[in-house]
Amino acid sequence: MATVVELSPTSEQCEFVLGLPVNKKTPPRKAQNSIISITMVAMVNNTDQPSHLNSSTEWFPDGLNGDQHEASKHLSIKAPVYNWSPQTQGIIFSSVQYGMMLMQGPGGYLAGKLGTKKVVGIALLGSSLLTLCIPLAANLGLAFLLATRAVQGLTQGAGYGGQFALWQKWAPPNERSRLCSIAMSGMILGIFAVLLVGGIISEALGWPFVFYIFGSIGVVCCLLWLILVYDDPVSHPWISSPEKEYILSSLDQQFNSEEQPLPIKAMLKSLPLWSMCLCSMTHQWLVNTLIIYTPTYISSVFKVNIRDNGLLSSLPFFVAWVIGILGGLLADFLLSKNFRLITVRKIITILGNTPPAALVVALPYVQSSYIATTTFLTLSCGLSPLCQSGVYINALDIAPRYASLLMGTSRGLAHSSAVMVPIVAGFFLNQDSEFGWRNFFFVLFAINLFGLIIYLVFAKADIQEWARERKLTRL
């Protein structure tokens with residue numbers, strides 16, 4: 001068996017060649033998935049809901065105290081408004097997640113067989129075209145909207161799961177945390193962009209144009225992806241020979257010399273693998289709560305217009321984008337200081353789970369303070385991407401040769417939380433809006449803590465026996 005070549009992390013060219021295309025791809029896809037979070041504020045007539053603020057509420061900065069009723073009338077002139085209950089909104093939010101949950105594992109497998117370039121490129125094109133169809137589907141009726149978002153989830157799931165195959169062939173072991181965090185931070189950048197711009201577009205042109213603009217951007221980024229991205233260093237025409245040699249030699253141990261059957265039984269019995277999947281799922285419960293309900297929570301508590309809602313909702317995700325990148329640098333720094341790999345993965349995962357969940361639980365108790373609420377939301381959302389350098393890339397440690405399948409499958413299972421979050425939130429909020437937020441956040445904290453404990457007990461970072469190359473002898 002070949003040994004891993006230990007080299008110092010110096011592949012800046014790998015960051016350029018691999019990181020740039022991935023980040024060009026990820027923002028539009030994740031942005032397309034998040035558009036409904038900000039446009040829902042404009043799509044639904046919620047002006048009759050009572051505010052949670054009272055006379056003791058802190059003074060708002062200029063521009064944040066607009067007349068909600070007048071803003072809603074202004075928006076309804078430019079685009080249709082629907083009478084959807086919180087439960088119906090939850091169903092709409094979750095409809096895209098079923099396909100994402102089902103297709104991430106198959107997407108990773110297909111990318112490993114057919115190539116990431118083809119799988120992700122086709123998936124991004126399909127998602128972009130369906131984004132353009134969302135306003136029409138909403139006008140045709142709720143059933144058409146749910147069906148369109150469900151099919152869109154299938155394309156997004158295939159694309160999201162498929163991207164992980166790149167790391168098998170591009171990311172040297174000592175640089176994985178940094179490269180993966182830079183690439184995956186593109187998802188957060190996409191959320192930031194759509195929340196920041198989506199409110200402004202909705203107020204100026206109407207909410208359908210948010211879908212039209214970001215759907216068109218997705219088509220353009222699909223073309224960039226097909227032009228700029230290559231499946232491995234060998235096929236890339238612009239990479240230098242020393243850089244190619246460095247990447248290939250550092251990954252020499254982790255490629256199949258020949259096809260071998262999947263050790264499915266061993267995978268199903270692997271506690272480190274199950275702990276990774278469970279922790280990913282419980283952390284995604286937190287992440288999806290922040291992505292889906294940040295604009296709704298701000299609208300419910302502070303009654304701001306959609307433009308200011310977008311500005312306030314986007315701030316946490318900008319901070320998250322920055323911290324997500326810094327988290328990868330922190331993980332690689334700790335590894336360079338001879339910290340054990342499993343220790344680094346667990347430390348980063350703790351930081352990305354416990355403080356954000358605790359801050360979310362505290363939100364209902366500081367809702368009378370605009371500054372405190374904004375600060376807590378920003379810190380919670382900002383710290384959560386640290387897990388990108390922890391539990392989310394653990395499959396590259398324990399089973400690098402099956403990483404695309406396992407990362408896609410684990411994220412697919414994790415997306416079950418994206419299905420459940422809107423349903424559970426809709427149940428609580430439909431009963432009592434004010435206490436509903438508090439109870440929903442307590443459930444979030446309990447789920448998050450449970451998954452983290454399981455991960456801390458059972459997680460590993462060494463290559464599992466079932467993932468090692470098996471020498472086949474022939475008589």
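Ser95 touches Leu146, Arg149 and Ala150, with residues up to four places away in sequence not counted; a contact here is a pair of heavy atoms within 4.5 Å. The C-alpha atoms of Ser95 and Ala150 are 5.3 Å apart, although 55 residues separate the two along the chain. Ser95 belongs to helix 3 and is buried, at 6% relative accessibility. Buried denotes a relative accessible area under 20%, exposed one over 50%, and partly exposed the range in between, computed with a 1.4 Å probe and protein chains only.

The model is predicted, so that local features require pLDDT of at least 70 and side-chain atom pairs pLDDT 80 or more, whereas totals for chains, interfaces and linings use all residues. Residues are numbered from 1 along each chain as its sequence is written, and side-chain values use heavy atoms, without hydrogens and water.

The protein chain contains 18 helices and zero strands. Helices (H or I, at least four residues) and strands (E, at least two) are DSSP runs numbered from the N terminus. Of the 475 residues in the protein chain, 58% are buried. Among contacts in the protein chain with a separation of 6 or more, 87% join residues 24 or more positions apart. The protein chain exposes about 18,700 Å², of which carbon and sulfur atoms supply 68%; accessible areas follow the Shrake-Rupley method with a 1.4 Å probe, and for residues only the protein chains shown count as cover.

Helix 3 also packs against helix 16 (residues 403–414), the two axes coming within 7 Å and crossing at roughly 175 degrees. Helix 3 is therefore roughly antiparallel to helix 16. Axes are lines fitted to C-alpha atoms, for helices over the stretch in contact, and angles between N-to-C directions run from 0 to 180 degrees. Angles under 35 degrees count as roughly parallel, over 145 as roughly antiparallel, 65 to 115 as roughly perpendicular, and the rest as oblique. On the helix 3 side the contacts involve Met100, Met101, Gln104, Gly105, Gly108, Tyr109 and Gly112, and on the helix 16 side Ser404, Leu405, Gly408, Thr409, Arg411 and Gly412.

A nonpolar patch on the surface is formed by Tyr109, Leu110, Leu114, Leu262, Ile264, Leu268, Trp274 and Leu413, with about 760 Å² of accessible area together. Two or more residues of the nonpolar patch come from each of helix 3 (86–114) and helix 10 (264–268). Helix 3 gives the largest share, three residues. Leu268, in helix 10, is exposed at a relative accessible area of 54%. Patches consist of residues with over 30% relative accessible area and no salt bridge, like charges being joined within 9 Å and nonpolar side chains (Val, Leu, Ile, Met, Phe, Trp, Tyr) within 5 Å.

Four salt bridges are found in the whole structure, each defined by a side-chain nitrogen of Lys or Arg within 4 Å of a carboxyl oxygen of Asp or Glu. In one of them Arg307 pairs with Glu203, with 3.6 Å between the closest N and O atoms. This pair links distant parts of the chain, Arg307 in helix 12 (residues 306–336) and Glu203 in helix 7 (residues 176–204), 104 residues apart. Arg307 is partly exposed, at 31% relative accessible area, whereas Asp308 is buried, at 5%. Another salt bridge joins Glu465 and Arg468, with closest N and O atoms 3.7 Å apart; Glu465 is exposed at 62% and Arg468 partly exposed at 29%.
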